[in-house]
Amino acid sequence: MVKSWHKLKQMRSYLRIRRRKCKFCKPFFYPETLPRHCVHKGSYRVTELLISPAKQRTEPRDFPMNYCSECGHTVTLKIPEDDHRPRYVCDRCNTIHYQNPRLITGTLPVAPDGRVLLCKRNIEPRKNYWTLPAGFMENGESTIEGALRETYEESRVKAINPTLLSVISLPSWDQVHVFYLVDMPDFQFATTPESCEVALFTQEDIPWSDIAFKTVGRTLRHYFASSRDALTVLNDHIHLTTME
Ligand SMILES: [Zn+2]
């Protein structure tokens, strides 16, 4: 068990002094980057805090945790035996609370006439920017099921023929974005609470400067650069300072 800050710092480069604080969220560390906007609230600007070494905390860069979700007792941040990074460990039931990357799964829907479908986001982050339908994968579903569900929830498209199109890791954000190429069986689509506008675009019409996220832009460019008959999977990673 490593206890001193100095040893923790030696072990993990992501334990930095600098961190940013959202007025709505608790402060958290960022490793490679200090984004301008809160990852939880999207548009809310975060202010930078410089913490004195005496007040440094060794929390993981994910959500700070105070209580065990198994038994409700307090947790302590420490490196479990035979592990190599700090985890929240329950002081009573000893449950180790691992925090791992989240998977965002979505689709690039293609209409019968070859145009692609984009949704204008009605929610933060990146409200009013265009995106592909996508969202957080739920427990109990496959990546394809999650992608098709999100597609219906955001555009009312009942997509078919999913083919893996891109897998993009975002180590700075603890996320992996996975997109499937799908067909729209017809021209049925609609706005939803999550999408204030849903529309079909030719390659020339894509609003490149108003795309919500870099992973969406890369996936679209990969699709247009590929042949539908010999589709390759974009397997990429991006070290982002921002998602935009
Ligand atoms: Zn517990």
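Let us begin with β8 and β13, which pair in the antiparallel sense over six bridges. Helices (H or I, at least four residues) and strands (E, at least two) are DSSP runs, numbered from the N terminus, and two strands pair if DSSP finds at least two bridges between them. Before going further, please note that this is a predicted model, in which local features need pLDDT of at least 70 and side-chain atom pairs count only at pLDDT 80 or more, while totals for chains, interfaces and linings use all residues. Residues are numbered from 1 along each chain as its sequence is written.

Within this pairing, Lys120 has Glu197 of β13 as its bridge partner. Strand β8 is also joined to β9 (residues 130–131), again antiparallel, by two bridges; there, Cys119 is partnered with Thr131.

How many of the six residues of β8 are buried? Six of the six are, so β8 is largely enclosed by the rest of the structure. A residue counts as buried if 20 or more other C-beta atoms lie within 10 Å of its own, as exposed if 12 or fewer do, and as partly exposed in between, with C-beta atoms placed from the backbone. In a regular strand the side chains alternate between the two faces of the sheet. Here, Val116, Leu118 and Lys120 point one way from β8, whereas Leu117, Cys119 and Arg121 point the other way.

I turn now to the core. A nonpolar core is a set of buried Ala, Val, Leu, Ile, Met, Phe, Trp, Tyr and Cys residues joined through C-beta atoms within 7 Å. The largest one has 28 residues, and Leu108, Leu117 and Phe179 have the most contacts inside it. At least two residues each come from β7 (102–110), β8 (116–121), α2 (143–155), β12 and α3 (214–225). Of these, β12 gives the most, with five residues. Leaving aside residues up to four places away in sequence, Phe179 touches several others, including Gly106, Leu132, Leu165 and Thr219; contact requires C-beta atoms, placed from the backbone, within 7 Å.

By contrast, consider Asp186, in the loop between β12 (175–183) and β13 (195–201). Asp186 is exposed, because 10 other C-beta atoms lie within 10 Å.

Finally, β4, β5 and β6 form an open, antiparallel sheet in the order β4-β5-β6. Its edge strands, β4 (75–78) and β6 (96–97), each pair on one side only. Four bridges join β4 to β5 (residues 87–90), and Val75 is partnered with Cys90.

Definitions and conventions: Contact = placed C-beta atoms within 7 Å.
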